[in-house]
Amino acid sequence: MSKVKKEYSRVTTNTLMEMKKNGDKIAMLTAYDFTLSKIIDSAGIDIILVGDSASNVMAGHETTLPITLDQMIYHASSVVKASNRALVVVDLPFGTYQADSKEALKSAIRIMKESGAHAVKVEGGKIAKDSIERILQAGIPVMGHLGLTPQSIYKFGTYTVRAKNKNESLELTRDAKLLEEIGCFGIVLEKIPSELAKKISKQVTCPIIGIGAGNNVDGQVLVLHDMLGMNKDFSPRFLRRYLDLNNLITTAVKSYSSDVKSGKFPNKNEQY
Ligand code: KIV
């Protein structure tokens, strides 16, 4: 007999803890605009991440570094307006929390006040501790992000799997425990060995959301445009494409264009 899953209404940070305790997996996707957010919220996604991947996906930058706080707030406020159920988490962009904890708090407050989002996400463990603590003290929920942290891409030089050796895996485990201790409500683990992710999600009580971290964690996150198959050039092993939207859109645009040029569009029923 299959287990009847509990229905969770408006998702809060407490809901996510409850889901982990009940062994119910958490589904998280990124989104950056009103229309797609409305669709994924209605479809029952638990967390919408307004990721700084907007820098790549929406603005066409090579890395996540150039996106600004104002741009993140613009995206986040569109997503918040569309969300009736999902918890909306917003990335603190590069350069808005690293200098000192006071600046980090100011950045997080701007996101919460100006977009209406429910939480922020910060990359880094021990190195970001002071900033995260200060944001938490102000009553703002924080999600951590360890493993492959794209804002540090120039430090590492590659997007390969992280924490493959013993020292790095010990450091990552220490960082995850630290984030839990100081009060993060969840942690994203990106591109790390699945055995390590499994161990960490057993050792910490807050939900662990994986991307390229295997199946033995509390939930998964993907970039929406990648899982919808809009981007043909990005094919990491962890990405499952649920649609081939790139081809579907191309076919639709070609049909439209051909109908316009041949005079088939609009027809008599499509005019006033
Ligand atoms: O910015 C983003 O999209 C992210 C996810 C990949 C976790 O941080």
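Two strands count as paired if DSSP finds at least two bridges between them. The model is predicted.

The chain holds 11 helices and 8 strands.

Where does strand β1 meet strand β8? The two run parallel and are joined by 4 bridges. Ala27 has Gln220 in β8 as its bridge partner.

The elements with residue ranges at hand are these:

| Element | Residues |
|---|---|
| Strand β1 | residues 26-30 |
| Strand β8 | residues 219-222 |
| Helix α11 | residues 245-262 |

**Surface patch**

A nonpolar patch lies on the surface. Tyr256, Val260 and Phe265 form this patch. Together they have about 290 Å² of accessible area. Tyr256 sits in helix α11.

**Overall dimensions**

Along the principal axes, the C-alpha atoms fill a box of roughly 65 × 50 × 40 Å. The radius of gyration of the chain is 20 Å. A compact globule of 272 residues would have a value near 19 Å, so the chain agrees with that expectation.

How much of the chain is buried? Of the 272 residues, 48% count as buried. The cut-off for buried is under 20% relative accessible area.

Methods. Residues are numbered from 1 along each chain as its sequence is written. This is a predicted model: local features need pLDDT of at least 70, side-chain atom pairs count only at pLDDT 80 or more; totals for chains, interfaces and linings use all residues. Side-chain values use heavy atoms; hydrogens and water are left out. Patches are made of residues with over 30% relative accessible area and no salt bridge: like charges are joined within 9 Å, nonpolar side chains (Val, Leu, Ile, Met, Phe, Trp, Tyr) within 5 Å. Accessible areas come from the Shrake-Rupley method with a 1.4 Å probe; for residues, only the protein chains shown count as cover. A salt bridge is a side-chain nitrogen of Lys or Arg within 4 Å of a carboxyl oxygen of Asp or Glu. The radius of gyration is taken over C-alpha atoms; the globule rule is 2.2 Å times the number of residues to the power 0.38. Buried means under 20% relative accessible area, exposed over 50%, partly exposed in between (1.4 Å probe, protein chains only).
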